[in-house]
Amino acid sequence: MEDIKYIIESLLFVSESPLTVNRIQKVLGHDDTKEIHEALTALAAEYEARKGGFLLREVAGGYQIRSRPEYREWIKRLIQRTPLRLSKAALETLAIIAYKQPAIRSDIEHIRGVDCGGILRMLLERKLIRILGRKQIPGRPLIYSTTKQFLEVFDLKDLKDLPTPDEIESLGNSFSEMPD
Amino acid sequence: MQEEAYQVKLDNIFEGPMDLLVHLIKKHEVDIYDIPIAMITDQYLKYLQWMESMNIDVAGDFIVMAATLTQIKSKMLLPIHENEDDQEDPRLQIARPLAEYLQMKSAAERLAARDLLGENIFARNPDQEELLAGRQDEILKLGLFELIDAFQQILKKISPDDKVRIAADSISVKNRISQLVDIFESRESVTFEELFPAGAVKSEVIVTFLAVLEMVRLSLVRIVQHVQTGVIRLFYI
């Protein structure tokens, strides 16, 4: 048991992308995924107890060692990287695709009320969204969905992990209470 | 209707009509399912005038929204007949999209508040793209004709027996694109030959080739050829 835990830890350490349980299972030649899950949980708990520089996150269907958010300023001093910086408009567009996918451009523009062509191109370039194909309706519009990269960047396990948007009730009475 | 001093704030330029409407509704703290339509319409039109006076190009979208608001306002003035039970509040025409937009806005805010990779949280090897960027000196961009040549080479490899076979449920170009995208998502780059497995039926090979062409047209992939080895590689953009 102890052994497996540290083997997995070494795999996580060298892996460049989130490591799935399946992949770990293949590497270990193990039939039992339960032990792998237990080892991963144990590792996560160890890192949590240690409160060190990194932690274990479940992202994009796999596991990845990531730096603790508290130390972001230091890491930014180490690596000069242009940050993600998505505009409000880009985030809204991305949110609509994430929640409504598969989505076509007119769905998005219908909700936002403005042209989204440029933003879509930018999101495609950054690989946060991808084209699934064309919808078989007049004009054959492109169909968009989010990518694995999107899950990785937004620290999400899978699409079900998306935060629930606020209900609009905070802004007023609900529908049913409306007078006829 | 209250009279308000008109303050000009330059940081308050609205991205679209929905944005402006949300601003007005928040400012006046009104319930989106019970919008005081006359007041909001009035305010909305004032903003449009102001934007025009500031020489901001008012896009057609803003005008459409103004027309919609005015139409709702006039509908509200019509008497409601008792027997028309199914007649819904005309303001729903604007309340529904507003509710949806606000919901997506809140979703966007929640997404932005997460621990963003490269912002709040970091993984090892964060700069893969930079590593790849340094290796581009030995490849050249490929024209359509080289691609067709390569395709003909692959067609030649298919055994002649296959030529008469009729594939009952062949895969569509669209589905093949989706499969290819999955491959690219996991691998970043693939050689042209790898896309055509040895035992492939001719129809499959053609669908794959059409899929590649379509993907190039949609700028989903970049195709390059290595100068020395002549290997054609496809990169996912």
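Trainee: In which sense do S4(A) and S5(A) pair, and over how many bridges?

Mentor: S4(A) and S5(A) pair in the antiparallel sense, over 5 bridges. Strands are DSSP runs of E with at least two residues, helices are runs of H or I with at least four, both numbered from the N terminus, and two strands pair if DSSP finds at least two bridges between them. This is a predicted model, where local features need pLDDT of at least 70, side-chain atom pairs count only at pLDDT 80 or more, and totals for chains, interfaces and linings use all residues. Residues are numbered from 1 along each chain as its sequence is written, with chains lettered from A and ligands numbered from 1 in the order in which they are written.

Trainee: What stands opposite A:Ile129?

Mentor: A:Thr146, in S5(A).

Trainee: And what is the strand order in the open sheet of chain A?

Mentor: S3-S5-S4, 3 strands with antiparallel pairing. S3 and S4 of chain A are at the edges with a single partner strand each, so one side of each has no neighbour in the sheet.

Trainee: Switching to H5(A): how many of its residues are buried?

Mentor: 10 of 13, buried being 20 or more other C-beta atoms within 10 Å of the residue's own, with C-beta atoms placed from the backbone. Among them are A:Leu91, A:Ile96 and A:Tyr99.

Trainee: What covers the buried residues of H5(A)?

Mentor: The cover includes S3, H6, H7, S4 and S5 of chain A, together with H4 of chain B.

Trainee: How many residues of chain B are in contact with chain A?

Mentor: 46, against 43 residues of chain A; contact means C-beta atoms, placed from the backbone, within 7 Å. H4(B) gives the most to that side of chain B, with 14 residues.

Key:
Two residues are in contact if their C-beta atoms, placed from the backbone, lie within 7 Å. A residue is buried if 20 or more other C-beta atoms lie within 10 Å of its own, exposed if 12 or fewer, and partly exposed in between; C-beta atoms are placed from the backbone.
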